[in-house]
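Let's take a walk through this structure together. Keep the sequence and the 3D view open as you read.

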Amino acid sequence: MAKVLIAGGGLAGLAAAAALGRDGWEVDLYEARPFLGGRATSYAVPAGGEEVPETIDNCQHVLLRCCVNLLDFYQRLGVRERIRFFREFYFIEPGGRISVLKRGRLPAPFHFTGAFLGMKCFSRADKAGIARALLALRRERTRRKDLDRISMLDWLLQKRQTPHAIDRFWRQVLVSAINEDLDRMAAVHGFQVFWLGFLSTADGYEMGIPSVPLGQLYTADAWRRMPNVRMHFRTPVERIDASGFLIDGQLVTADRYICAMPFEKLESVGLPAPNLQHSPITGVHLWFDREVTTLPHATLLDRTMQWMFNKENGRYLQLVVSASRDLTALSRKEIIDLAIGDLRLFFPRVHDAVLLKAHVVKEQRATFSAAPETESLRPGVESAIPTLKLAGDWTRSGWPATMEGAVRSGYLAAESIAKVSGKPAVYLVG
Ligand SMILES: Cc1cc2nc3c(=O)[nH]c(=O)nc-3n(C[C@H](O)[C@H](O)[C@H](O)COP(=O)(O)OP(=O)(O)OC[C@H]3O[C@@H](n4cnc5c(N)ncnc54)[C@H](O)[C@@H]3O)c2cc1C
């Protein structure tokens with residue numbers, strides 16, 4: 001069988017390996033680190049004294065049911081059942097009042113109507129504005145040609161959204177979905193999230209959360225059913241050119257190649273890098289001596305911490321701040337104090353709880369910034385070298401930088417390889 005080499009064992013490289021491997025290609029995947037998953041992974045953090053080391057996710061990763069390629073990839077690995085879906089989104093105000101968004105009986109796009117009308121965190125004027133904007137989004141999605149040039153905030157202001165609606169609804173959903181603030185985010189991405197997640201189908205919004213640490217989704221077991229896919233760990237690719245991959249000073253050759261490395265690493269292997277900027281994400285892991293909430297997750301309104309995920313019996317919480325530039329200069333202790341201060345406003349039990357331990361993970365290069373006029377900077381799957389394809393969440397996958405975008409890019413690279421090799425295949429779903 002023809003042979004393909006892949007540089008990078010994040011979701012993009014893994015998706016390409018799974019697709020081509022299942023179709024009988026001999027696949028060798030080279031990963032610089034000792035584990036798979038790239039940015040969507042988990043690792044053990046050292047424990048103090050007699051404690052067992054804790055395995056934590058790099059950061060809580062969530063998906064929506066409309067991430068059909070990511071779900072297809074999990075299916076290929078036999079781990080699809082490890083994703084637990086939630087139908088309720090909990091919006092909490094400081095003080096603890098909870099509003100729930102969930103679908104009712106009406107068909108899309110009216111499936112949220114009942115729950116939305118009952119949400120106490122929005123006034124009548126907020127709700128009327130949001131409803132008007134959602135209908136406009138549905139109409140303008142295919143008609144407007146400037147959505148990559150204007151910011152989502154520009155568009156929301158055009159639609160005369162109230163400050164509350166912007167902060168508590170649009171910002172709360174979109175900043176975490178796209179990892180960029182509304183004034184720096186191209187409207188085209190906001191449109192896509194709302195169209196696929198909230199308007200086009202009734203279940204697209206359901207939130208999927210892995211029930212195991214991320215790293216356990218891509219273990220050796222999952223790859224055993226594809227014996228022709230070989231993983232090489234701690235094996236950085238040093239150079240990529242038309243003759244092949246340079247690894248440990250040796251040239252390794254194959255019929256086809258895929259580069260699935262992050263864009264900021266391309267120059268280190270001799271490939272041109274796109275002129276994209278980064279946007280950071282900060283994750284805060286907190287372990288308390290007692291249960292502080294029974295909610296499985298919640299979006300926290302009007303404060304710095306944006307989302308709370310209940311990782312274990314209400315005692316281990318993970319908080320996420322996307323587009324977290326404001327936290328960059330803060331120390332670990334300052335961020336933990338900020339997080340505890342925020343949590344006390346939402347969950348009164350935090351006042352009495354003792355914080356047993358905490359971790360702060362600042363990812364300065366979490367994703368590229370989905371700013372206006374960025375789409376044209378994202379390369380497609382083809383590179384200047386005919387046998388080399390590009391993959392990664394930064395390529396033009398049709399999605400912003402997400403796990404779904406990464407998997408789509410891997411499938412697109414695999415399709416391109418299959419096509420030029422005379423055995424066309426369709427891997428992309430939807
Ligand atoms: C903190 C954080 C939170 C996030 N939350 C979400 C979320 O909730 N939902 C969501 O959908 N997305 C989320 N994302 C985005 C998501 O993680 C990424 O979009 C996706 O994982 C990118 O996959 P990738 O394969 O394109 O790149 P990567 O995961 O970066 O994979 C690239 C791989 O290449 C390897 N590599 C680098 N150099 C070399 C070399 N020279 N040789 C060999 N290998 C090399 C790297 O070690 C890495 O494993 C989050 C990202 C971060 C950082």
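Helices (H or I, at least four residues) and strands (E, at least two) are DSSP runs, and they're numbered from the N terminus. Keep in mind that this is a predicted model: local features need pLDDT of at least 70, side-chain atom pairs count only at pLDDT 80 or more, and totals for chains, interfaces and linings use all residues. Residues are numbered from 1 along each chain as its sequence is written, and side-chain values use heavy atoms, with hydrogens and water left out.

Let's start at the ligand. A residue is near a molecule if one of its heavy atoms lies within 4 Å of it. Here 31 residues surround the ligand, and the closest are Glu-31, Arg-39, His-61, Asp-393 and Met-403. Which elements each supply at least two residues of the shell? They are α1 (11–22), β19 (355–368) and α10 (403–420). Sorted by class, the shell has 17 nonpolar, nine polar and five charged residues. In that sorting, Ala, Val, Leu, Ile, Met, Phe, Trp, Tyr, Cys and Pro are nonpolar, Asp, Glu, Lys and Arg are charged, and the others, Gly among them, are polar.

Now zoom in on the ligand's oxygen atoms. A polar side-chain atom of His-61 sits 2.8 Å from one oxygen atom of the ligand. On its own the ligand would expose 1000 Å², but the protein buries 93% of that. (Areas like these come from the Shrake-Rupley method with a 1.4 Å probe; for residues, only the protein chains shown count as cover.)

Next, head for the loop between β19 and β20 (388–390), where you'll find Ser-383. The side chains of Ser-369 and Glu-180 are joined by a polar contact of 2.7 Å. Such a contact is a pair of N or O atoms within 3.5 Å; within protein, one must be able to donate a hydrogen and the other to accept it, and residues adjacent in sequence count only if both atoms are side-chain atoms.
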